[in-house]
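Here's a quick briefing to read alongside the model, grouped by topic.

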Amino acid sequence: SVLLSKVPLQPQSMAADQVKYFLDEKDMPTSWYNIQADLPTPLPPVIHPGRMDPIGPDDLAPLFAPELIKQEVSLERYIEIPKEVQDVYRQWRPSPLYRARNLEKALGLDGPKIYYKYEGVSPTGSHKPNTAVPQAYYNKIAGTEKLCTETGAGQWGCSLAYAGNAFGLEVEVFQVAISKKMKPMRTVYMQTFGAACHASPSDRTEVGKKILAGDPDCPGSLGIAISEAVEATVTSDKKAKYALGSVLNHVLMHQTVIGQEAITQMEMAGDYPDVLVGCTGGGSNFGGLCFPFIGQKFRKEAPKPFRVVAVEPAACPTLTKGKYAYDFGDTGKMTPLMKTHTLGHLFMPAPDHAGGLRYHAMSPIISHLKEIGELEAVAYKQTECFEAGVLFAKHEGIIPAPEANHAVKGAIAEALAAKAAGTSPVILFGLCGHGHFDMMAYEKYNEGKMVDHEFSDQDMALALAAIPNVPGY
């Protein structure tokens with residue numbers, strides 16, 4: 001140890017072949033970034049479906065803890081992360097930034113650079129604990145005894161189970177039925193942390209019973225699971241609240257620890273992105289990575305212009321084919337009305353393996369940013385995303401989650417387009433989680449049995465016909 005102490009440490013930014021960029025725990029962000037403070041135009045209001053006027057804090061009180069309601073509507077640029085939350089974050093944060101040097105070689109790149117921010121180092125293997133932990137904390141200090149939630153692929157359900165256990169809360173999860181069938185070990189994971197997990201639609205709620213009566217083999221959707229979780233919350237005999245894993249402002253804000261760390265790590269690498277790429281379902285990991293960079297742009301602090309690309313599944317293309325309109329966030333029409341890109345709250349997405357991206361709508365903030373021209377959106381089929389994910393795994397050593405494969409595909413597409421054009425952009429994408437629970441999906445792909453589901457414009461048209469008319473907004 002004496003000899004080692006005399007060896008000068010080379011700054012990470014000086015290493016010509018650097019792969020990983022680590023931050024010390026003391027460099028972990030101490031505040032979340034709230035992009036609402038910097039938006040050039042404010043978000044459209046959220047509307048009460050009965051009164052048809054903007055909702056207030058009292059309307060959200062039956063579902064959310066008081067501090068989370070404050071964060072949802074706050075216009076403060078930074079909101080301090082409580083010490084109790086930071087203490088849990090420290091179990092895996094700061095997460096690493098990687099330079100994908102082996103992938104660059106495999107693609108024959110001589111100029112374009114690819115970086116990725118890896119959230120698979122968290123206890124549950126994805127970005128979801130970044131918001132599960134603060135949501136559990138704020139509910140605990142508010143006297144909540146039980147949290148009810150939905151989950152698609154299961155990353156969020158696992159993360160809330162983990163966070164609920166950390167703060168002594170009971171957790172009940174409604175998981176989209178087809179995803180629960182495809183990823184049975186996620187149920188075991190949730191149960192290991194003390195949570196209950198039900199296939200949705202279920203016979204435990206009135207909305208679930210109604211849907212099963214019409215279609216006993218319904219594969220489920222996030223919209224249905226949200227309806228069940230909300231109903232379970234308001235009918236519980238305990239002090240219960242609802243927790244949402246994506247879409248809402250406070251959820252995306254909690255995820256901005258990702259982008260804040262990435263800004264510092266890119267400085268360590270001596271680079272700044274020309275293109276930011278992320279997968280989008282409800283938008284939480286995408287917003288977490290991109291919002292701090294977009295905030296720099298809005299404040300005129302970004303060192304150079306950059307593009308932002310959202311990648312979504314072709315089977316559930318909210319940003320690329322959806323209508324920008326007010327709609328419910330759930331199938332059972334129990335939520336307020338949000339202005340978002342939507343396929344219609346009755347739309348039933350095809351059973352793609354990227355269960356976390358099978359949501360009929362988009363985060364209102366991300367939709368707003370698209371409407372004002374601050375981001376682009378592309379959609380890819382699942383087989384081409386898995387092809388990209390397998391290529392990435394073979395050269396970078398990490399098997400991505402099916403959702404993350406969309407970001408990998410988007411980054412590779414950007415790199416190959418730059419190679420063909422003779423340009424040399426710096427590409428940064430979010431690798432939001434690993435695919436260790438998704439071997440059934442990879443088995444299907446490896447055996448050539450994976451199917452690309454066709455998006456139905458007719459089904460979307462029928463679903464959009466059911467969205468409400470909101471006069472004056």
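Let's start with helix α7, residues 155-166, in what is a predicted model. At 1.5 Å a residue, the twelve residues of α7 should span 16 Å, and the end C-alpha atoms are 17 Å apart, so the two values agree.

- α7 is mostly covered, with ten of its twelve residues counting as buried.
- The buried residues are Q155, W156, G157, C158, S159, L160, A161, Y162, A163 and G164.
- What does the covering? The helices that cover the buried residues of α7 include α4 (83-89), α6 (129-141), α9 (184-192) and α18 (402-421).
- Strands β6 (146-151) and β7 (170-176) are also among the elements covering those buried residues.
- After α7 comes G168, which has a positive phi, near 70 degrees.

**Aromatic rings**

- Searching the whole structure turns up 23 aromatic pairs.
- One of them is W92 with Y162, an edge-to-face pair at 6.4 Å centre to centre, with 70 degrees between the planes.
- W92 sits in the loop between α4 and β4, while Y162 belongs to helix α7, so this pair ties together parts that are 70 residues apart in sequence.
- Are W92 and Y162 buried or exposed? Both are buried.
- The two rings also belong to a cluster: ring pairs link Y89, W92, Y162, Y189, F193 and F437.
- Elsewhere, a lysine meets a ring: the charged end of K409 sits over the ring of Y380, 5.2 Å from the ring's centre.

**R93, a buried arginine**

- R93 is found in the loop between α4 and β4 (97-99).
- R93 counts as buried because its relative accessible area is 2%, under the 20% cut-off.
- Which side chains make polar contacts with the side chain of R93? One is that of S95, at 3.0 Å, and another is that of N130, at 2.9 Å.
- Leaving out residues up to four places away in sequence, R93 touches E25, M28, K117, E119, N130, V257, I258 and E261.

**Q18 in its loop**

- Q18 is placed in the loop between α1 (2-5) and β1 (20-21).
- With a relative accessible area of 16%, Q18 is buried.
- A polar atom of the Q18 side chain lies 2.7 Å from the backbone oxygen of K20.
- How far is Q18 from S159? The two are 141 residues apart in sequence and 31 Å apart in space, C-alpha to C-alpha.

- C290 is in no disulfide, and its nearest cysteine sulfur, that of C279, is 10 Å away; a disulfide would need the two sulfur atoms within 2.5 Å.
- C290 counts as buried because its relative accessibility is 0%.
- C385 is in no disulfide either, with the sulfur of C279 being the nearest cysteine sulfur at 9.4 Å.
- C385 has 1% relative accessibility, so this cysteine counts as buried.

Technical notes:
Residues numbered from 1 in each chain as written. Predicted model: local features only at pLDDT ≥ 70, side-chain atom pairs only at ≥ 80, totals over all residues. Heavy atoms only, no water. Buried < 20%, exposed > 50% of the residue type's maximum accessible area, 1.4 Å probe, protein only. Helix = DSSP H or I, 4+ residues; strand = E, 2+ residues; numbered from the N terminus. Expected span 1.5 Å × (residues − 1). Contact = heavy atoms within 4.5 Å. Polar contact = N/O pair within 3.5 Å; in protein donor to acceptor, adjacent residues only side chain to side chain. Phe/Tyr/Trp six-rings, centres within 6.5 Å; stacked < 30°, edge-to-face > 60°. Lys NZ or Arg CZ within 6 Å of the ring centre and 35° of its normal.
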